Amino acid sequence: MKITSFWLSLSLIIYGCSNSSETSIDCSSSDLSVEVINSQKSDCDVPGFLDVAGQGGELPYRYSLDGIEFQESERFEDLYAGSYTITIIDSKGCSSQTNFNLASEPTGITLTLSSSNANCSSANGSIMADASGGTGNLSYAIENGSFSNTNNFMNLSAGEYEVSVKDEENCIVTKKTRVKTNTSLSNDIMPIISSNCSISNCHNGTVPPNLTSSSAVIDNAQRIKSETQTGSMPRNGTLSNVDIALIACWVDDGAGDN
């Protein structure tokens, strides 16, 4: 189980170099945790579910299976057998994770997906489908394509994909996974922000938000993406299409501290 630090901005962020205040939260001593308290095995026609519960930290909690899309409900439904990582985030922005393997009924199919990153704006990612169980030989398909013996899907751009596996009795199990990019906060995003945004008389500490730290950039990731996409940020300059795409790729990957 892993506890991660997030920084929570308590101010309204306005990107016209306006005045506001900013407060940070340290999650290093948080006792936040999450566990699976109930589960239902999956079968061919009947998917299973997971019930989770959080403790510690500060209410309310939100939960996710991919670290990107979060929900308030403690139940994840329509799940087929495989490995899942459950992430919890509390009201302070602190997070914790736990792993769980959802089993299948004896005749069911277990499907686990793993992905390799793509470069930003390039189609060089991949997804590997690892399946077992069912009846007879298994075949695979991606995004409603034709089934074949191939379980390794290549030349994929970043995004979410749906992969299916089918046995000889036409039992089909489907799961989703995401191909992320190799975009790095430290190597790609912070140099863009440092050269164009956290500059004199703007977001370098002169006026908030101060974007000189990686934690502040993570806090403001969605707004930075939106403003750079529309061309309203940086205020007195322009970004290249490559830089705009890198910011979008990093944010779409979950705006991680990487």
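1. In which helix is Glu227 found? Glu227 belongs to helix H3, which covers residues 221–230. The model described here is predicted. The points below start with this residue and its helix, then turn to the other helix faces, the salt bridges and the cysteines.

2. Glu227 has a relative accessible area of 13%, so this residue is buried, the limit being under 20%. Its side chain makes a polar contact of 2.3 Å with the side chain of Ser232. The side chain of Glu227 also meets that of Arg223 in a salt bridge, with 2.9 Å from N to O. Arg223 and Glu227 are four residues apart in H3, which means that about one helical turn separates them.

3. The buried residues of H3 are Ala221, Ile224, Glu227 and Thr228. Viewed down the helix axis, the buried residues of H3 fall within an arc of 135°, so they line one face of the helix. Gln222 and Thr230 are exposed on the other side of H3. The cover over the buried residues of H3 includes helix H1 (185–196), helix H2 (214–219) and H4. After H3 comes Gly231, which has a positive phi, near 85°.

4. How many salt bridges does the count come to? The count comes to three. Asp252 is partly exposed, at 37% relative accessibility.

5. The other salt bridge joins Asp51 and Arg75, whose closest N and O atoms are 2.7 Å apart. Asp51 lies in strand E3 (residues 48–55) and Arg75 in strand E5 (residues 75–79), so the bridge ties together parts 24 residues apart in sequence. Asp51 counts as buried at 14% relative accessibility, while Arg75 counts as partly exposed at 32%.

6. Searching the whole structure gives two disulfides. In one of them, the sulfur atoms of Cys27 and Cys94 are 2.0 Å apart. The link is left-handed, with -85° about the S-S bond. Cys27 sits in the loop between strand E1 (2–4) and strand E2 (33–40), and Cys94 in the loop between strand E6 (82–89) and strand E7 (95–102), 67 residues apart. Both Cys27 and Cys94 are buried.

7. Another disulfide joins Cys120 to Cys249, at 2.1 Å from S to S. The torsion about its S-S bond is about 80°, so this link is right-handed. Cys120 lies in the loop between strand E8 (109–116) and strand E9 (125–133) and Cys249 in helix H4 (residues 241–252), so parts 129 residues apart in sequence are tied together. Cys120 and Cys249 are both buried.

8. Cys197 is in no disulfide; the nearest cysteine sulfur belongs to Cys202 and is 7.4 Å away. Cys197 is buried, with a relative accessible area of 3%.

Technical notes. Residues numbered from 1 in each chain as written. Predicted model: local features only at pLDDT ≥ 70, side-chain atom pairs only at ≥ 80, totals over all residues. Heavy atoms only, no water. Disulfide = S-S within 2.5 Å. Helix = DSSP H or I, 4+ residues; strand = E, 2+ residues; numbered from the N terminus. Buried < 20%, exposed > 50% of the residue type's maximum accessible area, 1.4 Å probe, protein only. Polar contact = N/O pair within 3.5 Å; in protein donor to acceptor, adjacent residues only side chain to side chain. Arc of directions from axis to C-beta. Contact = heavy atoms within 4.5 Å. Salt bridge = Lys/Arg side-chain N within 4 Å of Asp/Glu carboxyl O.
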